[in-house]
Amino acid sequence: MPAKIKKVSDEELEVQRQFAHKVNELTSKRYSSKPLACVVTYGCQQNVADSEHIKGMLEAMGYGFTEERTEAKLIIFNTCAVREHAEDRVFGNVGALKKYKLANPDVVIALCGCMMQQQHIAEKIKKSFPFVDLVFGTHVVYKVPELIYSALTKNRRVFELPDVDGVIAEGIPVKRDNDKKAWIPIMYGCNNFCSYCIVPYVRGRERSREVEDVVAEFKSLVDDGYKEITLLGQNVNSYGKDLEPKVSFSELLCMLNELDGDFRIRFMTSHPKDCTKELIETMAECDKVATHLHLPFQSGNDRVLKAMNRSYTREKYLSLINYAKELMGDELSITSDIIVGFPGETYEEFCDTKSLVEEIKATSLFTFIYSARKGTPAAEMDDPVPYEEKSKWMRELLALQERISGEQMALHKGKVFKCFVYGKGKQGDNYLAARTDGNLIIEFVGDEGLIGTFQKIKVTEPLTYVMLGELERNDL
Ligand code: SAH
Ligand code: SF4
Ligand code: F3S
């Protein structure tokens, strides 16, 4: 591991356990009933995973949980900074807490996550939101017990926002949101500095968890009956490059695939720059690895890709997709992220994005209008195209993908998919909902006892966003 990336020591984790104990004692004296916490999560799965750890620590501190802000003694917003819209939502929702806090001064209001890691935002909270008690950054999540203890005992606001390369904390408690589907962060941070993106500034440098730690967590999830486990990282393809000895992401997938049990391995996000043929071969060979490749291309135009600092070309991207299609054929599902209206992008350049969308035939796309992020190089670039024009381009892109998704869905009629039955369906009372490898939803009539199992389901009628199907065989 590079010298600056520290694993949080056992002693430090023990200190945090002591603080958790102290919070427990304090709150049981201070409140007549079990205090409730409301944890609200914005942003990506990395934040969802962090919130699950925050909830794990809160549980150890004696907190129960509520979705109702007005029932809570502790409200935590875990924020996202990726686009302006995400930040505006947080400011709106924090502002709405002011009255509640004034009427209930013993309630602790805390803000954490990527947005707080930006200095100008922390300053704004300091000045304009005086009722916020605690603000902490992405690198000190493991210190939640100590921070909550400080917020409860000190007569001042607590700001803990170290700007460091990042740490790795193993073994902190986790309270998962779902009992069949789980997230495992395998690495943190990002070194890529795409010119539009704030993530490297707020999440620190790339650092991988040790293979043994990932495998042990994975195994314990399988033992606990988890069926769909998603490995997380901003760029999982660079997993293990910082480990000693080096390990590749494909090697990690192979190790997990070898574990006993009935489960499906997913992963996100893959960066095309580091996506290797070896990874695609591994996906094709390992039966437990979902044949779903989330490979964001952002733009189909080489000049724009260069300005974005993405370090690959349209041609390289297409060659990866074509190789994946060659090896996985119909089984493969591709999804991607796209940015519309990067500074200086012309309509002709945007048309290259549309033509790439035509070519790859993705199952679905996550599309975003460019949002300037303070401190990133792209925020300094000329951005002459008005927002209304970019919105028009976006509508063109959405219409195109809707047509393609429809065509793709229609091709599935009569096909049989191995699906994970994850819950009740929406098409009618006796419908269940299941997910294919490629993240497509099929609803079918079945007994509720099938929830939480893998089944083979035949598509009978592809609708626009969901497919109807029937149970093919019960003995998977
Ligand atoms: N690490 C992942 C992406 C994480 S952010 C990757 O590289 O693929 C998720 C998505 O948000 C990005 O893929 C991008 O499409 C979008 N995004 C990031 N910064 C953005 C910005 N400033 N404006 C608009 N969209 C942005
Ligand atoms: Fe952002 Fe690029 Fe890193 Fe993804 S790879 S998190 S888009 S800088
Ligand atoms: Fe948002 Fe942070 Fe994720 S900026 S997208 S929550 S890594």
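Modeller: In this predicted model, a pocket is an open set of grid points with protein on both sides within 12 Å along at least five of seven lines, and its volume is the space filled by probe spheres set on the points.

Biologist: How much space lies in the second largest pocket?

Modeller: The lining of this pocket comprises 26 residues, and those closest to its centre are His53, Ala169, Glu170, Ile172 and Tyr188. By class, the lining divides into 11 nonpolar, six polar and nine charged residues. The space in the second largest pocket is about 430 Å³.

Biologist: Which element gives the largest share of the lining of the second largest pocket?

Modeller: Domain 1 (6-167) and domain 2 (173-410) each supply at least three residues to this lining. The elements that give two or more residues are helix H2 (45-60), strand S8 (167-168) and helix H8 (211-223). The largest share is four residues, and it comes from H8.

Biologist: What is the volume of the largest cavity?

Modeller: The count comes to one cavity of 30 Å³ or more. Its lining is formed by Gln46, Met187, Tyr188, Gly189, Arg203, Gly233 and Gln234, a set of two nonpolar, four polar and one charged. The space in this largest cavity is about 40 Å³.

Biologist: How many residues of the shell around ligand 2 are nonpolar?

Modeller: Ligand 2 is surrounded by Cys190, Asn192, Phe193, Cys194, Tyr196, Cys197, Val199, Pro200, Gln234, His271 and Arg310. In this shell one residue is charged and three are polar. The number of nonpolar residues is seven.

Biologist: How many residues of the shell around ligand 3 are polar?

Modeller: Around ligand 3 stand Cys44, Asn47, Cys80, Ala81, Val82, Cys114, Arg203 and Gln234. Gln234 also belongs to the shell of ligand 2 and to the lining of the largest cavity. The shell around ligand 3 holds five nonpolar residues and one charged residue, and its polar residues number two.

Biologist: Which are the edge strands of the open sheet of three strands?

Modeller: The sheet has the order S14-S15-S16, with parallel pairing. Each edge strand pairs on one side only, which identifies strand S14 (292-294) and strand S16 (364-369).

Biologist: Which residue in S15 stands opposite His294?

Modeller: Strand S15 covers residues 333-340, runs parallel to S14 and is joined to S14 by three bridges. Across the sheet, the twist averages 10 degrees from one strand to the next. Opposite His294 stands Thr335.

Terms used
Residues numbered from 1 in each chain as written. Chains lettered and ligands numbered in written order. Predicted model: local features only at pLDDT ≥ 70, side-chain atom pairs only at ≥ 80, totals over all residues. Heavy atoms only, no water. Near = heavy atom within 4 Å. Nonpolar A, V, L, I, M, F, W, Y, C, P; charged D, E, K, R; others polar. Pairing = 2+ DSSP bridges. Axes fitted to C-alpha atoms, helices over the stretch in contact; angles between N-to-C directions. 1 Å grid on protein atoms, 1.4 Å probe; cavity = no way out; pocket = protein on both sides within 12 Å on 5 of 7 lines; lining within 4 Å. Domains from an automatic or database assignment.
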